[in-house]
Amino acid sequence: MMIAGAASVTEQVCRSCGGSHIDTFLKLGTTPLADRLPSSIDDGEEEPVFPLNVAFCGDCSLVQITETVNPRILFADAYPYYSSFSQALLRHSRDNVLDLIERRGLSTGSFVIELASNDGYLLKNYVEAGIQVLGIDPADGPAAAAIKVGVPTRLTFFTRELAESLRQEGIRADVIHANNVLAHVADTNGFVSGIARLLKDDGVAVLEAPYVEPMIDHCEFDTIYHEHLCYFSVTALDKLFRRHGLYLNEIKHLSIHGGSIRLYVERQERVGESVTNQIAHEKARGIDSIDYYRDFSATVDTLKVELSALLHRLKATGASIAAYGAAAKGATLINTVGIGRDLIDFVVDRNTHKQGKYMPGQKIPIRSTEALLEAQPDYVLVLAWNFLDEIMAQQTEYRARGGKFIVPVPTPRIV
Ligand code: DWN
Ligand code: ZN
């Protein structure tokens, strides 16, 4: 994991347990970075590409990519992802906060920290309830947006060292949130040990992460990109936390992002049935062994061929096609399937920080969502398929005029 000045390193051992039984089961070639959006079609600069290979650790069962791109390149500068552009995510986060305030009896004396607090989408709910918060995030744009809505935020990466220095300032947390960030961290063990240092003795860390089972079962291979270093099973997570004196005591299944799990992690060991049952389920399905992952590469290849054939077929009939969602996962999809400007005229996205830019690699222009009604393309490929319901609900007019959506996973279909 030595990265300092290098653009990327290829890991030789497991990022979690350090074991050397690493078995690569999917190769997606080399792809550009999913959240580095070019500002022009030809800015004279070659976009850097990095290998995207996925492996299984035979020692601790962790699924992971083997290339680690320097986090400063990935996250620090002009990171365009802002959580608050999805109403579903805002509702989901608010419900989580209200539930925790009640379950843990949080009040004005409590202290809540969020790692990767982005634009303050979650912590603002605590601020509203008069509870003290601190956000930590390395991305300057989202962090500035958080501060603007009243969420105190430190512009930095969360590390073991940062946890130590916060402790020295007298800061410890009743609740630590970390949503969709554990998989992004190059120093997985440093991050978890930092949580252990910062959590009060009776505190709880509440983390969310995409779950590996739906990723494999529903062929959500586009959620694989360089920001996502790990694809977690409960088996692998349980081992990771125990290594740092923490216990994964409870999990909840969530539908967000194509199927995620919420983890409740504490210092006291009181592992509940939700965890023991899930570990047993993973054993029964073989999720803790390489066999479960062996067919994935062939399934991904089939999806790629079918999607490409569908788009070419539609195009051959003279249909026009746009796409919805300049999502990071969209970058993987279009670059691994080879969907370029010959097939897709433009991509729409509500995120104003993405509009006017171009999709990585394929350089498809990104416009505001109004462009759908202006151009009324015959079909829209939904790159942000994880928010399909929200998007369909917004686009009733486009659909009423005859527009149709193409959903790429688990198998391409028109709706
Ligand atoms: O882990 C990560 C996840 C949680 O978020 C990151 N590494 C980056 C990001 O991944 P993504 O870009 O694939 O995430 P989303 O949230 O699935 O992206 C959806 C895109 O679609 C965003 O650019 C926002 C946009 N959107 C929209 O234009 N209209 C989303 C909704 C719900 C909408 O109604
Ligand atoms: Zn391992």
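Guide: Two residues are in contact when heavy atoms of theirs lie within 4.5 Å. Please keep in mind that this is a predicted model.

Visitor: What radius of gyration does the chain have, and which value would a compact globule have?

Guide: The C-alpha trace spans about 65 × 45 × 45 Å along its principal axes. Because the chain has 415 residues, a compact globule would have a radius of gyration near 22 Å, and the chain agrees with this, having 21 Å.

Visitor: What percentage of the residues is buried, and what part of the accessible surface belongs to carbon and sulfur atoms?

Guide: A residue is called buried when its relative accessible area is under 20%, and by this cut-off buried residues make up 57% of the 415 in the chain. The accessible surface comes to about 16,300 Å², and the part of it belonging to carbon and sulfur atoms is 50%.

Visitor: Turning to the helices, which elements do the buried residues of α4 pack against?

Guide: Helix α4 covers residues 140–148, and its buried residues are P142, A143 and A146. They cover an arc of only 100 degrees around the axis, so they are on the same side of α4. The elements against which these buried residues pack are β7 (132–137) and β8 (153–155).

Visitor: Which residues of α5 are exposed on the side other than the buried one?

Guide: In α5, the buried residues are L162, A163 and L166. Their arc around the axis is only 100 degrees, which means that they lie on the same side of α5, and they pack against β7, β8 and α6 (188–198). On the other side of this helix, the exposed residues are E161 and Q168.

Visitor: Is R167 buried, partly exposed or exposed, and which residues beyond its sequence neighbours is it in contact with?

Guide: R167 belongs to helix α5, residues 160–168, and because its relative accessibility is 27%, R167 counts as partly exposed. Once neighbours within four places in sequence are left aside, the contacts of R167 are R172, R197 and L198.

Visitor: Which residues does D119 touch, not counting those up to four places away in sequence?

Guide: D119 sits in the loop between β6 (111–115) and α3 (123–128), and it counts as buried because its relative accessibility is 7%. Not counting residues up to four places away in sequence, D119 touches Y82, S83, S84, P142, A145, A146 and V149.

Visitor: And which residues does L89 touch under that sequence limit of four places?

Guide: L89 is placed in helix α2, residues 87–103, and with a relative accessible area of 6% it is therefore buried. Not counting residues up to four places away in sequence, L89 touches Y81, S83, Y121, I256 and H257.

Visitor: What is the phi of K363, and what is that of Q376?

Guide: Most residues other than glycine have a negative phi. K363, in the loop between β15 (347–348) and β16 (366–367), has a positive value and is not a glycine; K363 also counts as buried, because its relative accessibility is 13%. Q376, likewise a non-glycine residue with a positive phi, is found in the loop between α12 (371–375) and β17 (379–382). The phi of K363 is near 55 degrees, and that of Q376 is near 40 degrees.

Visitor: Which two residues does a cis peptide bond join?

Guide: Most peptide bonds are trans. The cis bond has an omega of about 0 degrees, and one of its residues, P410, lies in the loop between β18 (404–407) and β19 (413–414). The two residues joined are V409 and P410.

Key. Residues are numbered from 1 along each chain as its sequence is written. Chains are lettered from A and ligands numbered from 1 in the order in which they are written. This is a predicted model: local features need pLDDT of at least 70, side-chain atom pairs count only at pLDDT 80 or more; totals for chains, interfaces and linings use all residues. Side-chain values use heavy atoms; hydrogens and water are left out. Buried means under 20% relative accessible area, exposed over 50%, partly exposed in between (1.4 Å probe, protein chains only). Helices (H or I, at least four residues) and strands (E, at least two) are DSSP runs, numbered from the N terminus. The arc is that of the directions from the helix axis to the C-beta atoms. The radius of gyration is taken over C-alpha atoms; the globule rule is 2.2 Å times the number of residues to the power 0.38. Accessible areas come from the Shrake-Rupley method with a 1.4 Å probe; for residues, only the protein chains shown count as cover.
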